[in-house]
Amino acid sequence: MKPAEEHILNQPEPFKSILLHLQILIETNFRDVELLFKWKLPFYSLNNKPLCYLNTSKKKGYVDVGFYT
(Lines give C-alpha, C1' and ligand atoms only; values in the text may rest on other atoms or scores of the structure.)
Protein backbone atom coordinates (compact mmCIF):
# COMPACT_ATOMS: atom_id res chain seq x y z
CA MET A 1 0.00 0.00 0.00
CA LYS A 2 1.26 3.47 -0.85
CA PRO A 3 2.04 5.81 2.06
CA ALA A 4 -0.58 8.31 0.84
CA GLU A 5 -3.28 5.62 0.76
CA GLU A 6 -2.27 4.42 4.21
CA HIS A 7 -2.43 8.01 5.51
CA ILE A 8 -5.99 8.41 4.15
CA LEU A 9 -7.17 5.09 5.59
CA ASN A 10 -5.73 5.92 9.03
CA GLN A 11 -7.72 9.15 9.38
CA PRO A 12 -10.66 9.21 11.81
CA GLU A 13 -14.20 9.70 10.55
CA PRO A 14 -15.57 11.85 8.98
CA PHE A 15 -12.19 12.84 7.49
CA LYS A 16 -11.51 9.38 6.11
CA SER A 17 -14.80 9.31 4.17
CA ILE A 18 -14.26 12.83 2.84
CA LEU A 19 -10.72 12.02 1.70
CA LEU A 20 -11.83 8.79 0.02
CA HIS A 21 -14.58 10.66 -1.81
CA LEU A 22 -12.10 13.32 -2.96
CA GLN A 23 -9.70 10.59 -4.07
CA ILE A 24 -12.41 9.04 -6.26
CA LEU A 25 -13.39 12.42 -7.74
CA ILE A 26 -9.82 13.38 -8.59
CA GLU A 27 -8.79 10.00 -9.98
CA THR A 28 -11.88 9.61 -12.19
CA ASN A 29 -11.59 13.12 -13.65
CA PHE A 30 -7.84 13.13 -14.26
CA ARG A 31 -6.73 9.89 -15.90
CA ASP A 32 -2.96 10.43 -15.68
CA VAL A 33 -2.92 11.64 -12.09
CA GLU A 34 -0.49 10.06 -9.64
CA LEU A 35 -1.06 9.87 -5.88
CA LEU A 36 2.10 10.61 -3.90
CA PHE A 37 2.98 11.38 -0.29
CA LYS A 38 4.91 14.64 0.12
CA TRP A 39 5.23 17.03 3.02
CA LYS A 40 3.37 14.43 5.13
CA LEU A 41 0.25 14.92 2.96
CA PRO A 42 -1.50 13.05 0.15
CA PHE A 43 -0.43 14.91 -2.96
CA TYR A 44 -1.50 14.55 -6.60
CA SER A 45 0.81 15.04 -9.55
CA LEU A 46 -0.39 15.33 -13.16
CA ASN A 47 2.15 14.88 -15.97
CA ASN A 48 4.95 15.27 -13.41
CA LYS A 49 3.61 18.64 -12.28
CA PRO A 50 1.89 19.37 -8.95
CA LEU A 51 -1.91 19.36 -9.14
CA CYS A 52 -3.24 19.44 -5.57
CA TYR A 53 -2.82 18.26 -2.00
CA LEU A 54 -5.30 17.01 0.61
CA ASN A 55 -4.95 18.23 4.19
CA THR A 56 -7.10 17.50 7.23
CA SER A 57 -7.48 19.91 10.11
CA LYS A 58 -8.86 17.77 12.92
CA LYS A 59 -8.64 20.67 15.35
CA LYS A 60 -10.78 22.96 13.15
CA GLY A 61 -12.85 20.15 11.62
CA TYR A 62 -12.31 20.48 7.87
CA VAL A 63 -10.51 18.99 4.89
CA ASP A 64 -8.46 21.36 2.77
CA VAL A 65 -7.87 20.80 -0.96
CA GLY A 66 -5.09 23.03 -2.25
CA PHE A 67 -4.61 23.43 -6.01
CA TYR A 68 -1.42 24.62 -7.68
CA THR A 69 -1.50 27.10 -10.54
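How many bridges join β2 to strand β3, and in which sense do the two strands run? There are 4 bridges, and β2 and β3 (residues 49–57) run antiparallel.

## Basis of the model

This is a predicted model, in which local features need pLDDT of at least 70 and side-chain atom pairs count only at pLDDT 80 or more, whereas totals for chains, interfaces and linings use all residues. Residues are numbered from 1 along each chain as its sequence is written, and side-chain values use heavy atoms, with hydrogens and water left out.

## Strands and hairpins

Strands (DSSP runs of E, at least two residues) and helices (DSSP runs of H or I, at least four) are numbered from the N terminus, and two strands are taken to pair if DSSP finds at least two bridges between them. Strands β2 and β3 form a hairpin with 2 residues between them, and N47 in the turn has a positive phi of about 55°.

β3 also pairs with β4, in the antiparallel sense and over 6 bridges, with T56 standing opposite V63 in β4. The hairpin of β3 and β4 has 4 residues between the strands, and G61 takes a positive phi near 80° there.

## Surroundings of S45

S45 lies in strand β2 (residues 41–46), and its bridge partner in β3 is P50. With a relative accessible area of 8%, S45 is buried (buried means under 20%, exposed over 50% and partly exposed in between, with a 1.4 Å probe and protein chains only).

The side chain of S45 reaches the backbone oxygen of K49 at 3.3 Å. When residues up to four places away in sequence are not counted, S45 touches D32, V33, E34, L36 and L51, a contact being heavy atoms within 4.5 Å.

## Aromatic pairs

A search of the whole structure finds 3 aromatic pairs, where rings of Phe, Tyr and Trp (its six-membered ring) pair if their centres lie within 6.5 Å, and planes under 30 degrees apart count as stacked, over 60 as edge-to-face and the rest as tilted. The rings of W39 and F43 have their centres 5.2 Å apart and their planes at 80°, so this pair is edge-to-face. W39 counts as exposed at 61% relative accessibility, whereas F43 counts as buried at 3%.

F43 also forms an edge-to-face pair with Y68, at 5.8 Å centre to centre and with 70° between the planes. Because F43 lies in strand β2 and Y68 in the segment after β4 (62–67), this pair ties together parts that are 25 residues apart in sequence. Y68 is partly exposed, with a relative accessible area of 36%, and ring pairs link W39, F43, Y53 and Y68 into a cluster.

## Helix α2 and its cover

Helix α2 (residues 15–29) has 15 residues and reaches 21 Å from its first C-alpha to its last, close to the 21 Å expected at 1.5 Å a residue, where the expected span is 1.5 Å times one less than the number of residues. The buried residues of α2 are F15, L19, L22, Q23 and I26. They cover an arc of only 105° around the axis, which puts them on the same side of α2; the arc is that of the directions from the helix axis to the C-beta atoms.

On the other side of α2, I24, T28 and N29 are exposed. What covers the buried residues of α2 includes α1 (3–9), β1 (33–38), β2, β3 and β4.

Terms used: A polar contact is a pair of N or O atoms within 3.5 Å; within protein, one must be able to donate a hydrogen and the other to accept it, and residues adjacent in sequence count only if both atoms are side-chain atoms.
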